[in-house]
Amino acid sequence: MKAFLTIALLVISNTFMTLAWYGHLKFAEWKWFSKLSLISVVLISWGIALFEYLFQVPANKIGFEENGGPFSLLQLKVIQEVITLVVFVAFMLIAFKEETFKLNHLIGCVFLVLAVYFMFKN
């Protein structure tokens with residue numbers, strides 16, 4: 001159960017992170033948003049990133065083996081990176097339809113999934 005909760009919290013966290021880091025690139029298409037200064041965009045991104053931390057910190061606390069969770073620190077990090085990639089690719093394909101996901105991108109993703117596999121292999 002802790003593994004599932006950790007992964008669910010990481011997915012939610014990374015959704016907010018992706019919006020904070022890359023959402024402003026899409027939001028710039030909105031007339032009112034495109035007129036904002038850089039500092040305004042940064043502050044909006046920080047506001048979104050706050051929600052990232054509200055999910056990321058509990059995910060790591062619950063998932064870390066020294067706190068009774070199922071994952072080592074390295075495993076948590078690699079899981080988080082793969083979730084980040086999956087969430088980002090989904091965001092890119094939904095929000096930025098003009099971007100393409102090519103074979104070399106897929107191969108890179110496969111290698112990251114293999115990294116997770118090897119992190120859990122004894």
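In which crossing, left-handed or right-handed, does α1 pass α3? The structure is a predicted model, in which local features require pLDDT of at least 70 and side-chain atom pairs count only at pLDDT 80 or more, while totals for chains, interfaces and linings use all residues. Residues are numbered from 1 along each chain as its sequence is written, and side-chain values use heavy atoms, with hydrogens and water left out.

The chain contains 5 helices and 0 strands, where helices (H or I, at least four residues) and strands (E, at least two) are DSSP runs numbered from the N terminus. Along the sequence these elements follow the pattern α-α-α-α-α, and the C-alpha trace spans about 50 × 35 × 20 Å along its principal axes.

Helix α1 (residues 2-27) packs with helix α3 (residues 38-63) at an angle of about 165°, their axes being 8 Å apart; axes are lines fitted to C-alpha atoms, for helices over the stretch in contact, and angles run from 0 to 180 degrees between N-to-C directions. That angle makes α1 roughly antiparallel to α3, given that angles under 35 degrees count as roughly parallel, over 145 as roughly antiparallel, 65 to 115 as roughly perpendicular and the rest as oblique. The crossing in which α1 passes α3 is left-handed, a term applied if the near helix is turned anticlockwise from the far one by less than a right angle, with right-handed used if clockwise. The residues of this contact of α1 with α3 comprise 17 nonpolar, 8 polar and 2 charged (Ala, Val, Leu, Ile, Met, Phe, Trp, Tyr, Cys and Pro count as nonpolar, Asp, Glu, Lys and Arg as charged, and the others, Gly among them, as polar).

Helix α1 also packs with helix α4 (residues 73-95), at an angle of about 45° and with the axes 8 Å apart; α1 and α4 are therefore oblique to each other, and their crossing is right-handed. Between α4 and α5 the angle is about 160°, with axes 10 Å apart, so the two helices α4 and α5 are roughly antiparallel, and α4 passes α5 in a left-handed crossing.

Helix α5 (residues 103-120) contributes 8 residues, the largest share, to the nonpolar patch, and V110 has its place in this helix α5.
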